[in-house]
Amino acid sequence: MIAELAKELGFHRAAIVPIEPARRHDLYTSWLAEGYGGGMAYLAEPSHVAPRANLRELLATAKTLVVVALAYDRDNPIPVGALTGKIARYARGEDYHLVMRDRLVALADRIAGVLGHPVATRPCVDSAPILEREWAERGGLGFVAKNTMLIAPGLGSYVVLGELLLDVAIEPTAPDQLPKPRCGSCTKCLDACPTRAFVDAYVLDARRCISYLTIEFHGVIPRELRSAIGTWIFGCDICQEVCPFNAGAGGEPEPLLRPRSGAHALPDLVALAALNGNQYRQFTKRTALRRTTRPLLRRNIAIALGNTGSPEAIPVLTALLADPHAIVRLHAVWALGVLGGPLPDDDPDPEVRAELTYAREIASTTRSQRPP
Ligand code: B12
Ligand code: SF4
Ligand code: SF4
């Protein structure tokens, strides 16, 4: 019945799992101990580590977990001009956290209605301290693949996950077993990752992942990773784009998660760099893009513009040199160095000045390599 209700609410998959201790908690803590979480310090806080081992830390009376998956758009329009950036598919439409949360609350209400009494619930999505992929596996929604994504057979990996803790015991829909990995000898995702972020199959070093660098990381992007970021300005989908399980996937994606506009699916880097504060708030309103800030998005745009290799990017990069935030100017300087554009003589910020020295070096190396 719950699976039926979940379907009516638009979820693509739903399952019921009994509340038991997590089985892969040691993999989580060893991942943190290796430093693979980078600057996401919140992941190592006791309030995030303990509930991942024991869901009852989130709802003391919990007896059942409902795990759900919502599919989003797999399509990828072809870029029109040289100065087009890329936003990861999950972030092009309505913020999935909001969509998922509203649906989970509606599901809880319907369950209470059917049971005829109030039910204590706790909806969880993404930021909640839950090993979401493990629970989705245990509910039989799919398997964790070498790219660390939960792949739901038939839907692929372009799905977001959510959970609902309930204080009522409900018969499970799945045998609560961790499925066998189904990647076989394939290594396409590991080979395609441009920043070589996979330490091994199933293990991602977030510090090298474009998704982390463009969304979660707030500092100066390491020089050696900048070129590999390509034109991604928010997130990255490469290790999913190459996956054969996505090539054969079907299912209508959730309409609310479809790209909000052409500019969300194919962002024009020049137009995006020129948005004022109000326009930026409009563009990111109720989208997952809200996870970043305008200066950080401009930092990412500067890198992407440098990586277009197009001299047409020079005027907008020159305009970014006037940004009040040093983080934006620094990356604009780097991009101008790469494109051989005019560099400023000086900058009030010492880190930007150091970047200027480096940019002059790359510019002169590039010039000396050009044929006379
Ligand atoms: C931190 C985080 C990130 C980090 C680190 C990602 C990572 N792979 O660890 C960064 C910022 C890089 C990131 C990127 C992305 N993320 Co993210 N992220 C999270 C978050 C908040 C925690 C993940 C975590 O705990 N990582 C630590 C590792 C150790 O844990 P894990 O990923 O759960 O890995 C499990 C398995 O790998 C397994 N495992 C380990 N070794 C082995 C060995 C074998 C043989 C097997 C089978 C399994 C296995 O054990 C782990 C524990 O259960 C979750 C939400 C949540 N609360 O879980 C979303 C979440 C994982 N992200 C999500 C998404 C959509 C993305 C992106 C696709 C966004 C994008 N397009 O840019 C990318 C994908 C990059 C990638 N290949 O993972 C979705 C994934 C949905 C799915 N289908 O899997 C989640 C579940 C959010 C959600 N509610 O939907 N993310
Ligand atoms: S999201 Fe991109 S950068 Fe991150 S692991 Fe996948 S391919 Fe590599
Ligand atoms: S690309 Fe290959 S190895 Fe990677 S997740 Fe897909 S099937 Fe598994």
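**Ligand shells in the predicted model**

In this predicted model, the shell around ligand 1 comprises 23 nonpolar, five polar and seven charged residues. Altogether 35 residues surround ligand 1, and the closest are Ala88, Leu150, Val160, Ser211 and Gly235. Two or more residues of this shell come from each of helix H2 (25-33), helix H5 (132-138), strand S7 (159-166) and H7. Ligand 1 lies between domain 1 (2-76 + 93-166) and domain 2 (188-369), because both domains give residues to its shell.

Around ligand 2, the shell consists of Cys193, Thr195, Ala197, Leu204, Cys209, Ile210, Ser211, Cys236, Ile238 and Cys239. Helix H7 (210-216) and helix H9 (238-241) are the elements that supply two or more of these residues. By class, the shell around ligand 2 holds eight nonpolar and two polar residues, with no charged residue.

The shell around ligand 3 is formed by Ala145, Lys146, Asn147, Cys183, Cys186, Thr187, Lys188, Cys189, Val242, Cys243, Pro244 and Phe245. Here the elements with two or more residues in the shell are helix H6 (188-192) and helix H10 (244-247). The residues around ligand 3 divide into eight nonpolar, two polar and two charged. At least three residues of this shell are drawn from each of domain 1 (2-76 + 93-166) and domain 2 (188-369).

How values were computed:
Residues numbered from 1 in each chain as written. Chains lettered and ligands numbered in written order. Predicted model: local features only at pLDDT ≥ 70, side-chain atom pairs only at ≥ 80, totals over all residues. Near = placed C-beta within 6 Å. Helix = DSSP H or I, 4+ residues; strand = E, 2+ residues; numbered from the N terminus. Nonpolar A, V, L, I, M, F, W, Y, C, P; charged D, E, K, R; others polar. Domains from an automatic or database assignment.
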